[in-house]
Amino acid sequence: MWLVFFKEIKELLRDRKTLFFMIALPILIFPLIFGGMAYFTAQAFEKAESKVLKYAVVNAQYAPELAKDLVQSDKFERVDIGDNTDYAGLIKSDTIDFAIVMPENYSADILQSGQLTITLHLNDAQLNMVHNRVNALVQKYADEYQALAFSTLGVSAEQQGALLNPIELKQISTADQRENWGEKIGGMLPYLLFILCFQGAMFPATDIGAGEKERGTLETLLISPIDRTKIVLGKFLTIACAGATTALITVISMAVWGLVLSRGFAMQFVTDFMSQIGIVDFVLMFLMLIPLVAIFASVLLSISIYARSFKEAQSYMGPLVIFVIIPVMVALMPGVELKGGWSWVPLTNVALAMKELVKGTMDYFQLIAIFGSTALIAVLLLGFCVYWFKQEKVLFR
């Protein structure tokens with residue numbers, strides 16, 4: 001078994017593509033994903049905020065002050081559309097970004113005119129910040145007219161607050177900062193870890209089974225005096241080692257890059273959040289990934305043994321990613337918690353446990369069910385893999 005294992009490890013270390021997915025990808029994936037998302041999101045919002053919006057105003061004579069503010073602002077450019085009322089068509093053709101229609105009852109004396117309704121036509125599906133930027137101008141006059149009305153009625157500042165908000169619901173959250181951010185971030189963490197571990201095991205698995213068939217070296221290995229069970233175990237350990245290495249590098253990369261990025265961008269809350277996750281939590285995350293990787297290794301090796309060629313093996317393994325993603329998506333559903341039967345559901349229980357570890361609300365007794373169920377599935381799949389490898393019709397199909 002160990003001879004097969006060391007042989008496969010040596011061949012694995014010579015494959016640069018496999019090493020990239022095992023080592024380089026986990027190290028680079030976190031700064032690229034989080035740093036890239038933060039950068040492009042900031043760029044998109046900055047572009048939307050600084051863009052000069054073209055607009056058309058209808059019935060400007062009813063609200064001359066507001067219309068004047070729009071004209072004087074360097075964030076807006078007025079376009080004359082005449083009597084054209086096809087605002088949707090004008091916006092779709094990029095003639096204007098929005099059209100604002102003033103009501104005929106527009107007046108500073110809202111006690112007489114009643115509520116004023118200004119109609120804003122815009123394409124709300126785009127990140128153009130139209131509503132926010134126009135509302136900033138409109139809100140200035142809304143506050144002025146409101147204050148004028150209250151002054152006319154002789155309402156004090158305290159009475160104004162009570163009238164506008166008769167009952168205030170004061171919220172005091174019992175969740176600390178770690179639990180709050182852990183709920184938001186912890187759910188997506190298993191998604192990245194599962195995919196990376198699966199890919200880290202998939203590439204060596206494809207080469208170890210189907211690749212050897214193509215090269216014609218599998219027959220040489222089968223006529224050796226090594227028992228077939230030991231051959232399977234050696235190949236399984238190689239794939240599991242590759243997946244576990246990817247898992248370990250991923251967890252370390254997550255911790256290191258989280259601290260580096262938080263300090264580099266001076267995000268104190270991220271620094272505080274990362275510092276609250278103890279080394280024990282990171283170790284448990286890694287340990288939970290080991291039986292998970294064993295499941296991946298057993299399934300992938302069985303497929304690789306069955307496939308006639310490297311390409312055929314890849315075509316079988318590719319769709320399996322969806323079966324890795326679904327348990328993570330289930331863990332994100334409302335009401336699904338690491339309690340009762342969910343702690344025994346393979347993959348989903350690991351995803352839920354990782355979220356609880358990040359939040360700092362982990363019930364460590366649940367680890368018995370998590371490790372027990374996951375390890376049991378891994379052993380059963382490995383047993384099937386051994387049985388599968390002993391079938392001549394499978395090996396030489």
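**Close-up 1. Packing of helix α9 against helix α13 in the predicted model.** Helix α13 spans residues 279–306, and its axis lies 8 Å from that of α9, at an angle of about 35°. The two helices, α9 and α13, cross in a right-handed sense. In the contact of α9 with α13, 19 residues are nonpolar, three are polar and one is charged.

**Close-up 2. Packing of helix α9 against helix α16.** Here α9 (residues 189–215) meets α16 (residues 348–359) with 9 Å between the axes and an angle of about 130°. The crossing of α9 with α16 is right-handed. From α9, the contact takes in Leu189, Pro190, Leu193 and Phe194, while α16 supplies Val350, Ala351, Met354 and Val358. Sorted by class, the contact of α9 with α16 consists of eight nonpolar residues, with no polar and no charged ones.

**Close-up 3. The second largest pocket of the model.** The volume of this pocket is about 470 Å³. Its lining comprises 16 residues, of which Gln115, Leu116, Ile118, Val138 and Ala142 are the closest to the pocket centre.

**Close-up 4. Helix α6 in the lining of the second largest pocket.** Running from residue 130 to 153, α6 contributes the most to this lining, with eight residues. The lining of the second largest pocket as a whole has 11 nonpolar and five polar residues, and no charged residue is part of it.

Definitions and conventions:
Residues are numbered from 1 along each chain as its sequence is written. This is a predicted model: local features need pLDDT of at least 70, side-chain atom pairs count only at pLDDT 80 or more; totals for chains, interfaces and linings use all residues. Side-chain values use heavy atoms; hydrogens and water are left out. On a 1 Å grid over the protein atoms alone, a cavity is a set of points where a 1.4 Å probe fits but cannot get out, and a pocket is an open set with protein on both sides within 12 Å along at least five of seven lines; lining residues have an atom within 4 Å of a point. Grid points are joined across faces, edges and corners, and a volume is the space filled by probe spheres set on the points. Helices (H or I, at least four residues) and strands (E, at least two) are DSSP runs, numbered from the N terminus. Ala, Val, Leu, Ile, Met, Phe, Trp, Tyr, Cys and Pro count as nonpolar, Asp, Glu, Lys and Arg as charged, and the others, Gly among them, as polar. Axes are lines fitted to C-alpha atoms, for helices over the stretch in contact, and angles run from 0 to 180 degrees between N-to-C directions. A crossing is left-handed if the near helix is turned anticlockwise from the far one by less than a right angle, and right-handed if clockwise. Contact means heavy atoms within 4.5 Å.
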